[in-house]
Amino acid sequence: MTDDHPSLRRRTLLAAIAGAGTASVAGCSFAQREDDGETTAADEETARSLAERFAPTLYFDADERWFPTDPRPYASESDDGAVVDGFDALDGYHERYASVGEPPNRTLFYNAVEYADSPLAVVQFWCYAAFDQFTTNFHWHDWEVLHVFVDTDTGDPQLYVASSHSRKVPNNEFLDPDPAIGPRVLSELGSHSSALSVNDEPDQFQRLPGADLLADITNSAIGTVEDVAELPLAYGLPRDEGARLPYLVPEYEGEPVYEHDRLPNVDRESLVPEDVTVRSFESLSSPPTDLPERETGAVLYPGAGDREAPETDAEAYAYDLAPTTDLEHITAFTGPQLSFEFAVPAFAEDAVASHITTAGVPWTQSRYENPAADITDPAHRAALAERYDAIGDAAPVNTVVSRVAETISSDDAPDGEGLTTRPTTVEAVALFESDPEAVPTFLGVAVVDDVPAGDHRLTVNGAGFAPHSERVGVGTESETGTETATTEAGTETGTTEAGAETATATPADASATTTAEGDDDGAGEPSTDPGRRVTAGGVAGEVPLVAREDARKLEVDADGTDADLTALAVEDDFAGRLYESPLSGSDAVYVHRGGAYTAEVRDAAGAIGAFRVNPDPGPEGDERIRIDEPETGKASLASFLASIATETADELEALFDGEVPLDGEANALRGLVRAFAAVVEAATRAVELARAGDRAGANRQLRAVADALERAVERIDAASDAVPETLANAAANRVEQAQRRAEQARRIEKL
């Protein structure tokens, strides 16, 4: 990602998460939102008038294949009434398109309702497409909706709500749009998710306000409602914001859908083009780098009333307006469940069947009669509730936010011994196993809205990446009644009765609920949005993914261990904490082969165990690293100290095989090696004494370890001319961690 990409800086995101996570809960009861008032269908004249005034202009991707159309030509009679079969609609649409040479039967359907005893009315525009193809889902039929909330006393629009991928992804919404400018919709390629356009660049999506442009959404940010420049929570239009988004090919009965004999008019060219498509997440060794960004193609505008074609270089087509009542005789839109071309987690395909089968019938959905049910931004609902008694006040919702990053080698580390993270260049997919509805990221951020309280497993995957999976506790409260804004493993640090640390996976020098040192840009102010309690997935909000070509599987086998393990964390010498998750039994995590890691486990009593992991080179022919029967207690931590000191001493001693030009430098290097050798000796003795049950003796040796580490700190500086900078960096980082682990080992009760 280039420096001018409008992505959010990680520290700003973390600060904003902290502000929302700790402040937005205060005084809130996590109950259901208040009921909205009753609605009645607007009379035909009123409905048509609202529809003609607010009918949107729609801008499509240059590669779009399925434009809004009328499904009635594809309907057939069944025992249950009229139905539209997926095969008939998809094949018939492409047959008609080829016959007329332009999008056939272009139609938007409208529905208008009025809230009882209120001047508030809503006109909905329903767009039907014969097929949906995207990166997280694909299915026969597709319905998208734009709600326009209107004050009938003033005639002014109050709120636009454009449907996103699902209720798990916040919709694209705009409060108080300009009455003089009709709504414009930017339709996402293949999926038809609807972004809004209200600024002077009608065919481009603007998430954040510019010098001369409004933002196209007014969704509240994570931190404060007003501070939309941080991260407005809405899906937007990722490929129009500089992101790469890979699409998938749907399969049916083991073959790509276009090869089915019931689709004679459908071929590969009928689907989203190959240059934005990947055939398998797993077949790519690294994320794709050549996926094109969005380009504007056809524009559809309302042909009714006095509307004229918009000024555009693209093809412009008028569409018809028709009431949805013309369709309500259709009882179902049918089609068999489709499949992904490649293996997905065992639970996922059946669990997301509703997203790879068909779309429902709009007129049976709650939002058809009550459009306010589709308002996903709590601040927007609160604004309408203040103006109109018919709209119920917002109720808080649980939202999980994760910043997806890419793990790469660090230039500051020795080759193959240290990592860093950077914003991912390809959008990913997030999925809760307990409530499986896959959501795509936008600007590298995964937002999953309206998550039930409880324990969940979050999986994040992407083209060319190894999957990341962790357990996340959502909606839990601390004793103060505020959200910790971390994963379950990231609870506050305290002590047990024996003086051992509690089960926390938060690094000693970082917390998800504090801003980064020196962050002076105002992020993290308490949220004024009463509607969200934010939980940060990953480590302090970041989920680092690993390219498949660099991935190694780190397995922790808890079978046979005498400890009741409750948490697992993995940190790299340079990148710091990369993974933390509650643990129940065995677990596994993909790590980058170029890292040098400490794996940490904790047990139910708060005792810690640590293990040194160097994945590359790994065992020949085996890309897994296995920790069998992980222990917790003094012996485990002391053994780790011996391992990391031995590793460092060996690397330093290897420098003598080269040329150390001056005797003084050689002496300084020997002194540094001796300091690490002293750590090894004392730590090894501490292991022996701990296993023998001699607590006092083990603690004496751990104090000797601490003394030797202090000498190592001094001698790293003294030997700086004799040690390559990257190795000196590694030695300093390892000493810092060893000091922390030595203190943990000394304080911990368990031997």
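Helices (H or I, at least four residues) and strands (E, at least two) are DSSP runs, numbered from the N terminus. This is a predicted model: local features need pLDDT of at least 70, side-chain atom pairs count only at pLDDT 80 or more, and totals for chains, interfaces and linings use all residues. Residues are numbered from 1 along each chain as its sequence is written, and side-chain values use heavy atoms, without hydrogens and water.

**Exercise 1.** Place Ala-738 in the fold and list its contacts.

Solution. 
- Start with the element: Ala-738 lies in helix 10, residues 725-747.
- Then its partners. Contact means heavy atoms within 4.5 Å. Leaving aside residues up to four places away in sequence, Ala-738 touches Leu-641, Ile-644 and Leu-709.

**Exercise 2.** Classify Asp-35 as buried or exposed.

Solution. 
- Find the segment: Asp-35 sits in the loop between helix 1 (10-23) and strand 1 (39-41).
- Apply the cut-off: exposed means over 50% relative accessible area.
- Conclude: Asp-35 has 69%, so this residue is exposed.

**Exercise 3.** Describe the protein as a whole.

Solution. 
- Count the elements: 10 helices and 34 strands.
- Take burial: 58% of the 751 residues are buried.
- Take contacts: among those with a separation of 6 or more, 71% join residues 24 or more positions apart.

How values were computed
Buried < 20%, exposed > 50% of the residue type's maximum accessible area, 1.4 Å probe, protein only.
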